[in-house]
Amino acid sequence: MCGRYQLAAAQSAEIQQILNAVQTAYGNGSWAPGEIRPTHRAPVLTEAGGVIVPRLMKWGYQLPHTLVINARAETAAEKPLFRESVASRRCLVPATGFYEWDSQKRKYLFTLPGESALYMAGLYDRRDGEDCYCILTTAPNDSMRPIHDRMPLILTEPQRRQWLADSGAAADLLAAVPPELQRRSEERQISLW
């Protein structure tokens, strides 16, 4: 389950372009890169008339008594909460990496080998007058399995446009196996000397 992710503009020219577009559309200081947590506003990419458009949205669907930040890819199209979003409100959630914790509460950063950015499949909706998104999760691949039993549905470059623009292809992508990832411990080593 993806509960935090990283968006570091200094690490990625792609992310810097998204930041520039968001600043142009929403004004300087409307968003700052860093570690993104649920309820934070962050850029997502949507498709409008064949053009990919960055938009600022809040992470999480607010429901009475709970905040939904993830949706299971395997069942999202069947669930009333996500059904319409799967059909017509899909987005990409750009990141430079995402965090996960193992059973010992050790924090790891996962990145895409050889790439400065990764894109997670997402859904969006409008709730209480605010645009919000959630991240689709799926069964873990070999790189994630030792740490956690879920992972974000990460889309490769050819899959991204299909996810945004083609409902038929998007339905098939809900069953896609994410690419293998690199993992790095984020635990701070403490030295007494």
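Leaving out neighbours within four places in sequence, V44 is in contact with V53, P54, R55, M57, C91, L92, V93, P94 and Y133, where contact means heavy atoms within 4.5 Å. The model is a predicted one, in which local features need pLDDT of at least 70 and side-chain atom pairs count only at pLDDT 80 or more, while totals for chains, interfaces and linings use all residues. Residues are numbered from 1 along each chain as its sequence is written, and side-chain values use heavy atoms, with hydrogens and water left out.

V44 itself lies in strand β3. Helices (H or I, at least four residues) and strands (E, at least two) are taken as DSSP runs and numbered from the N terminus. V44 counts as buried because its relative accessibility is 0%; the cut-offs are under 20% relative accessible area for buried, over 50% for exposed, and in between for partly exposed, with a 1.4 Å probe and protein chains only. R55 is 11 residues from V44 along the chain, and their C-alpha atoms are separated by 5.4 Å.

What joins β3 to its partner β4? Strand β3 (residues 41–48) and β4 pair in the antiparallel sense over eight bridges; two strands count as paired if DSSP finds at least two bridges between them. The hairpin of β3 and β4 has two residues between the strands, and here G49 takes a positive phi near 60°. On to another partner of β4: strand β12 (residues 130–138) pairs with β4 in the parallel sense over two bridges. K58 turns up again here, with C132 as its bridge partner in β12.

Strand β1 also has two partners to look at. Three bridges join β1 (residues 4–7) to strand β9 (residues 97–101), and the two run antiparallel. R4 stands opposite Y99 in β9. Three bridges also join β1 to strand β2 (residues 34–36), again antiparallel. On that side Q6 has E35 in β2 as its bridge partner. Not counting residues up to four places away in sequence, Q6 touches Q11, G34, A95, T96, G97, F98, Y99 and L109.

Next comes the nonpolar interior. A nonpolar core is taken as a set of buried Ala, Val, Leu, Ile, Met, Phe, Trp, Tyr and Cys residues joined through side-chain atoms within 4.5 Å. The largest one has 57 residues, and Y5, L123, Y133 and W163 touch the most other members. Strand β11 (residues 118–127) gives the most to this core, with six residues.

As for open space, the largest pocket holds about 190 Å³. On a 1 Å grid over the protein atoms alone, a pocket is an open set of points with protein on both sides within 12 Å along at least five of seven lines, where a 1.4 Å probe fits, and lining residues have an atom within 4 Å of a point. Grid points are joined across faces, edges and corners, and the volume is the space filled by probe spheres set on the points. Which residues line the largest pocket? The lining is made up of E14, Q17, I18, L45, I52, P54, L92, Y119, E157, R160 and R161. Two or more of these come from each of α1 (13–26), β4 (51–59) and α3 (157–165). By class, the lining has six nonpolar, one polar and four charged residues; Ala, Val, Leu, Ile, Met, Phe, Trp, Tyr, Cys and Pro count as nonpolar, Asp, Glu, Lys and Arg as charged, and the others, Gly among them, as polar.

Most residues other than glycine have a negative phi. H65 is not a glycine, yet has a positive phi of about 75°. H65 sits in the loop between β5 (61–63) and β6 (66–68) and, at 85% relative accessibility, counts as exposed. D128, in the loop between β11 and β12, also has a positive phi, near 50°. With 74% relative accessibility, D128 counts as exposed.

A77 is placed in the loop between β7 (70–72) and α2 (83–88). A77 counts as partly exposed because its relative accessibility is 37%. Beyond its neighbours within four places in sequence, A77 is in contact with R83, V86 and L174. A77 and A171 are 94 residues apart in sequence, and 8.1 Å apart in space from C-alpha to C-alpha.
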